[in-house]
Amino acid sequence: MERIKTLTYIFILLSFCGFSQDQEKTFTQANDLISQANDLVQEDFINAEVEYRKAISKTPSNTKGTYNLGNAYYESGLYDEALLRHMEAAASASSKNDRHRAFHNIGNALMKQNLCQEAVEMFKNALRNDPTDDETRYNFGLAKECAEQQKDQQDQNKDNKDNQDKKDENKDKQDQKDQDKEGDNKEDQKDKGDQ
């Protein structure tokens, strides 16, 4: 009986080691794919994207592939896709530095889409993970200024709309008064004609 227990422990230990080696091999393969994609991205975006996606499918928890694919999308002007990939990278990041970089890039993608208030929040998240980054602090300031300008513009548009609505309402009232007067004048003329 003791011998069976010992053999069982050895079997479990060996299978654990084998699993660890398989996992390490998969991680290495994914990093190789990411490296290939990084080399291709400037010249052949489509094949680079394929390599990034292969790497991500091999090791979804490796934020490097997701982050780099997000950067490739951003550089290609595909901001929605960049946003999605950087959000995935932020969600799966295991270090503050990785989260900082992902949130910083989410903020940049949001700024490209003129979503300034949302960008402010992402830059805040980036600064929570690395308060020493001057570039993030600078981008945060730009996003905050942009958000204030957008808010002022929205307020001005609302005021203009309210003023236009009041003008339209007053015009409608005046038109109604004019119609009522016209109706009264016709009745007066009719009454004079009857006499």
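A contact is defined here as heavy atoms within 4.5 Å. The structure is a predicted model, in which local features need pLDDT of at least 70, side-chain atom pairs count only at pLDDT 80 or more, and totals for chains, interfaces and linings use all residues. Residues are numbered from 1 along each chain as its sequence is written, and side-chain values use heavy atoms, with hydrogens and water left out.

Leaving aside residues up to four places away in sequence, F103 touches A90, M122, N125, A126 and N129. F103 is also, together with I106 and L110, among the residues with the most contacts inside the largest nonpolar core, which has 20 residues. Such a core is a set of buried (under 20% relative accessible area, 1.4 Å probe, protein chains only) Ala, Val, Leu, Ile, Met, Phe, Trp, Tyr and Cys residues joined through side-chain atoms within 4.5 Å. At least two residues of this core come from each of α4 (79-92), α5 (96-112), α6 (116-129) and α7 (134-194); helices are DSSP runs (H or I, at least four residues), numbered from the N terminus. The most is given by α6, with seven residues. Another core, of 13 residues, lies apart from it and includes A48 and A82.

The pairing of α5 with α6 can be described geometrically. Their axes, lines fitted to C-alpha atoms over the stretch in contact, come within 8 Å and cross at roughly 165 degrees. The two helices are therefore roughly antiparallel, a term for angles over 145 degrees. Among the residues that meet are F103, I106 and L110 in α5 and M122, N125 and A126 in α6.

Methods:
Buried < 20%, exposed > 50% of the residue type's maximum accessible area, 1.4 Å probe, protein only. Axes fitted to C-alpha atoms, helices over the stretch in contact; angles between N-to-C directions. Parallel < 35°, antiparallel > 145°, perpendicular 65-115°, else oblique.
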